[in-house]
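The sequence and structure are shown first.

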Amino acid sequence: MPNNKEKDPDWKNDFPINQSEVTEVTRRQFAKFLCLVSGGLATGSAFVAAKAAFFPGKKVQGLHRVCSINELPVGGTRAFVLEGSSTPYVLIHLENGEFKAYEQKCTHLSCAVFYKPGSGKIECPCHNGWFDAMTGEVLQGPPPRPLPRLDVQVTGNDIFVTAAKEEA
Amino acid sequence: MSTFRRAQSQAHPNKTSTLMLAIVVLLILNVTIQIWLLYTGLNNALEHNKGIAFPAFIGSFTILIINCGLLYYLPRRRR
């Protein structure tokens, strides 16, 4: 009997009738699949490089008033959103009197982060990630990057935020 | 004229099996390096270190070429 499998079109081999043939993956097929994955990863890297080079993210423009000093007690926080943007930020009044503003999205999986009063740390409760409230650096857990921050300026009784200066 | 392909087809199945396994292991290793390159490039780009993304892409693309080249050395199917 001639080997029908040789004559069958590819789609019949890809969707066989017998269940036992469904799970059969040859090492050749697996090697080709790995090449496909490799192509996908190279494409992903190309996308990241193109995005970084040609479409950089928008920077915060100008000064934005958040609240007055009286509205934010020591150890307190205030969530805010800048005009024309949906990115959530949090303003923190640290115990040493300083004000800090960070993006309220964990750099791991974008969960909301919270300041833990008295500890000097910002917590991401989703996967137990911790950030330094003074610098935004990662202290512990899965987050791969520091929290993006905004510079805070206190003018009179009002608190303003502006884009953070790039560190050289 | 004898080619590597002819010699490969005449080789003992144990040899071609070992070769197949070696190629698959190399491919897995290369894909792992590509995952690392993508992860590093992405994280640095998001952290405003844009200088990393392009070399990471060049590395990843080179590995893709190597992977495609490795497919050429896959032993032929037995008849």
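Which residues form a disulfide, and how far apart are their sulfur atoms?

## Basis of the model

The model is predicted: local features need pLDDT of at least 70, side-chain atom pairs count only at pLDDT 80 or more, and totals for chains, interfaces and linings use all residues. Residues are numbered from 1 along each chain as its sequence is written, chains are lettered from A and ligands numbered from 1 in the order in which they are written, and side-chain values use heavy atoms, with hydrogens and water left out.

## Cysteines

The disulfide is formed by C111(A) and C126(A), whose sulfur atoms are 2.1 Å apart; a disulfide is a pair of cysteine sulfur atoms within 2.5 Å. The torsion about the S-S bond of C111(A) and C126(A) is about -100°, so the disulfide is left-handed. This pair links distant parts of the chain, 15 residues apart: C111(A) is in the loop between β4 (99-103) and β5 (114-116) of chain A, and C126(A) is in the loop between β6 (121-124) and β7 (129-132) of chain A. Strands (E, at least two residues) and helices (H or I, at least four residues) are DSSP runs, numbered from the N terminus.

C111(A) is buried at a relative accessible area of 16%, whereas C126(A) is partly exposed at 42%. Buried means under 20% relative accessible area, exposed over 50%, and partly exposed in between (1.4 Å probe, protein chains only). Over all chains the count is 1 disulfide. C124(A), buried with a relative accessible area of 2%, has its sulfur 3.6 Å from the closest cysteine sulfur, in C106(A), too far for a bond. C68(B) is likewise in no disulfide, the nearest cysteine sulfur being that of C35(A), 4.1 Å away.

## Domains of chain A

Chain A is divided into domain 1 (4-54) and domain 2 (64-163), with bounds from an automatic or database domain assignment. The C-alpha centres of domain 1 and domain 2 of chain A lie 44 Å apart.

An unreviewed UniProt entry annotates residues 64-161 of chain A as "domain: Rieske"; positions are in the numbering used here, feature names are shortened, and annotations may be inferred rather than shown by experiment. Over residues 64-161, chain A is 0% helix and 47% strand, with its end C-alpha atoms 5 Å apart.

## Salt bridges

A salt bridge is a side-chain nitrogen of Lys or Arg within 4 Å of a carboxyl oxygen of Asp or Glu. By this rule there are 4 salt bridges over all chains. In one of them, R65(A) pairs with D158(A), the closest N and O atoms being 3.1 Å apart. R65(A) lies in strand β1 (residues 64-68) and D158(A) in strand β10 (residues 158-163) of chain A, so the pair ties together parts that are 93 residues apart in sequence. R65(A) is partly exposed, with a relative accessible area of 47%, and D158(A) is partly exposed at 24%.

R78(A) forms a salt bridge with E71(A), with 3.6 Å between the closest N and O atoms. Another joins the side chains of K100(A) and E98(A) (3.5 Å, N to O).

## Nonpolar surface patch

V25(A), F30(A), F33(A), L36(A) and I28(B) form a nonpolar patch on the surface, with about 480 Å² of accessible area together. Patches are made of residues with over 30% relative accessible area and no salt bridge, like charges being joined within 9 Å and nonpolar side chains (Val, Leu, Ile, Met, Phe, Trp, Tyr) within 5 Å. Accessible areas come from the Shrake-Rupley method with a 1.4 Å probe; for residues, only the protein chains shown count as cover.

Helix α4 (residues 27-54) of chain A gives the largest share of the patch, 3 residues. I28(B) is in helix α2 (residues 13-46) of chain B.
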